[in-house]
Amino acid sequence: MALTDALKAEFDELCKKYPHRRAGLIPALHRCQEELGGWISPETITDCAEYFELEPVEVYSVASFYPMFFLSPVGQHVVSVCRNISCDLRGAGEITSAAKKYTGAACGESSEDGHFYLEEVECQGACTNAPMMVVDGKYHEDIEPADVARILGETR
Amino acid sequence: VTAHETYLLDRSKLADSHTLEVARADGAYGALRKVFETAMSPEDVVEEVKQSGLRGRGGAGFPTGLKWSFMPNHETDTRNRYMALNADESEPGTCKDRILMREDPHCLIEGCLIAAFAMRLDAVYVYVRGEYRLPYDRMQAALDEARAAGIVGENILGSGFSCEIHMHKGAGAYICGEETGLMESLEGKRGHPRPKPPFPASFGLWGQPTTVNNVESIFNVPFILERGAAWFRTLGTESSPGNFLCGISGHVERPGVYEVPLGISARAIVEDLAGGIWKGRSLKAWFPGGSSTGVLPADMLDTPMDHDSVKAAGSMFGTGAMIILDETASVVRSALVLARFYEHESCGQCSQCREGTEWQKQIIARLLSGRGKRGDVELLVDMSNGMFPGKTICALSDAAAIPVLAAIKHFRSEFEACVPTAEEVHA
């Protein structure tokens, strides 16, 4: 999807924070992903390149560096289970298993109906409330495998 | 635990502590007002922070006041000056800064403004990891409230001093917590750390003088200015004054973020505050300050939690985030979980780190799967020793090598037990 005028107006404001416009690129890519289909499409990259006066390959280079950006389409609801040490010690593996079972998706894949995208992620900074998972940006902490179906069911 | 004086989390216990109304009623911005009303000079403020002995809480423990004093003389160097507040909290085990931003954003803003006054800054950028939505939103809302009240922006509290604070969202890369990686990322680029020198104070954001400080470091500043460096030194130890936020996670009964004085014994944190090892089990191993600090065995739990003592024990204080492994945990598995992490987070610029983290992951995975070869443990040691010190642009390579070496040093037999014997191989 193409960059909308509303987003461009928002980026005009955003870039005023910085002495150089390019600093707005990463926050802008976040907004693109939120508003333009849940991923950074080739069209988004071209449009952002034009807006920020960069080559498309520079925008691609940045977008591809950061794990929060998806460069291919993903399911409607993004489910991220932390797999790092504090969560691993308190049963993250079972959370992942429960999430796989509920969504029918493997890690790094979307469910067949396109409703979920499931991934394992590195430390989310909620270590004292492990294990945890993030659904569409919202943290669910101190969870048990039995909670997974309820939490994911809330997206229906 | 004997009762100790607290200050860091006191306000956060009040209802709606994140709002300007509640924070102000509790004394927020009193330190900033004191700086202005007692006509302290920027140099006086730097000196007070130096005298306090405050050491950075982001991992390296560098003296904050000294770091501030590295900023160039404003009369001979008239370039713009910035601070990047490092809120990219991503060191596994560490989750203290999110509480400060979420529950007491006004204290953090006050600390930023005092730092800005002391270093004569033009602007402060708060770089928050992209995943921290609620802490980001709370900080943004607090900034909006403060700006409307004349506390941020032009002519702050009628003092004539002006400074902007801007929120900035990262996108999930551990390396952006490294100060030069953070600056590259803030400029809208890949988070590739820069070779040093030049150091940020001379060539930072957009090539201008910049200081990068951790959230908890700056959070301490209003208390130091309000109550004085001498008061601060009544807490903690001679070389590591003050309190710190100890996040304790893993196999304890009550994981959590606890405010304790530096120098408290690790045992007091585990046994008294965190309720001991969970399920009635005993302790096997513990990381003193995040995943990049070498793991220590159970018999070193009486180590005092301060920079010098943990260093003397052969590890590092780091972020003060303790990760606890009980007797049933596999040290080899934890080493794999961390090796996988560092391999994922290596930015790829330096071969020692890019290749080293990949090989660490492969060898540990091979050991854990029972397909290890004779000599694998020695290979892992040799390879990890080749990754540091000072061989790469930044310290991620060190951070990957150190925990593996420490795990083998203290738990070598556990690694060697993963290598099948000749009989097992032939069977």
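Two salt bridges (a side-chain nitrogen of Lys or Arg within 4 Å of a carboxyl oxygen of Asp or Glu) are found across the interface of chain B and chain A. In one of them, the side chains of B:Arg98 and A:Glu141 meet at 2.8 Å, N to O. The model is predicted, and local features therefore need pLDDT of at least 70, side-chain atom pairs count only at pLDDT 80 or more, and totals for chains, interfaces and linings use all residues. Residues are numbered from 1 along each chain as its sequence is written, chains are lettered from A and ligands numbered from 1 in the order in which they are written, and side-chain values use heavy atoms, with hydrogens and water left out.

Polar contacts (pairs of N or O atoms within 3.5 Å; within protein, one atom must be able to donate a hydrogen and the other to accept it, and residues adjacent in sequence count only if both atoms are side-chain atoms) link 22 residue pairs between chain B and chain A, both residues being at pLDDT 80 or more. Helices (H or I, at least four residues) and strands (E, at least two) are DSSP runs numbered from the N terminus. Elements that give two or more residues to the side of chain B that touches chain A include helix H7 (133-148), strand E3 (164-169), helix H8 (179-186) and helix H13 (331-345) of chain B. The largest share of that side, eight residues, comes from H13(B). Its residues divide into 27 nonpolar, 19 polar and 12 charged, where Ala, Val, Leu, Ile, Met, Phe, Trp, Tyr, Cys and Pro count as nonpolar, Asp, Glu, Lys and Arg as charged, and the others, Gly among them, as polar.

The contact (heavy atoms within 4.5 Å) takes 58 residues from chain B and 37 residues from chain A. The area buried between the two chains (accessible area, 1.4 Å probe, lost on being put together and summed over both) is about 3800 Å², with 57% given by carbon and sulfur atoms. In chain B, the most area is lost to chain A by B:Arg98, B:Ala171 and B:Arg190, together 15% of what that side buries.

Within chain B, helix H11 (residues 266-273) has as its buried residues B:Ala266, B:Ala268, B:Ile269, B:Val270 and B:Leu273; buried means under 20% relative accessible area, exposed over 50% and partly exposed in between (1.4 Å probe, protein chains only). The cover over these residues includes E5, E6, strand E7 (283-287) and E9 of chain B. Just after H11(B), B:Gly275 takes a positive phi of about 75°.

B:Cys107 is buried, at a relative accessible area of 1%.

Chain A holds seven helices and five strands, in the order α-α-α-α-β-α-α-β-β-β-β-α along the sequence. Of its 156 residues, 56% count as buried. In the loop between strand E2 (109-110) and strand E3 (116-121) of chain A lies A:Ser111, which is buried at 5% relative accessibility. The side chain of A:Ser111 forms a polar contact of 2.7 Å with that of A:Asp113 and reaches the backbone nitrogen of A:His115 at 3.3 Å.
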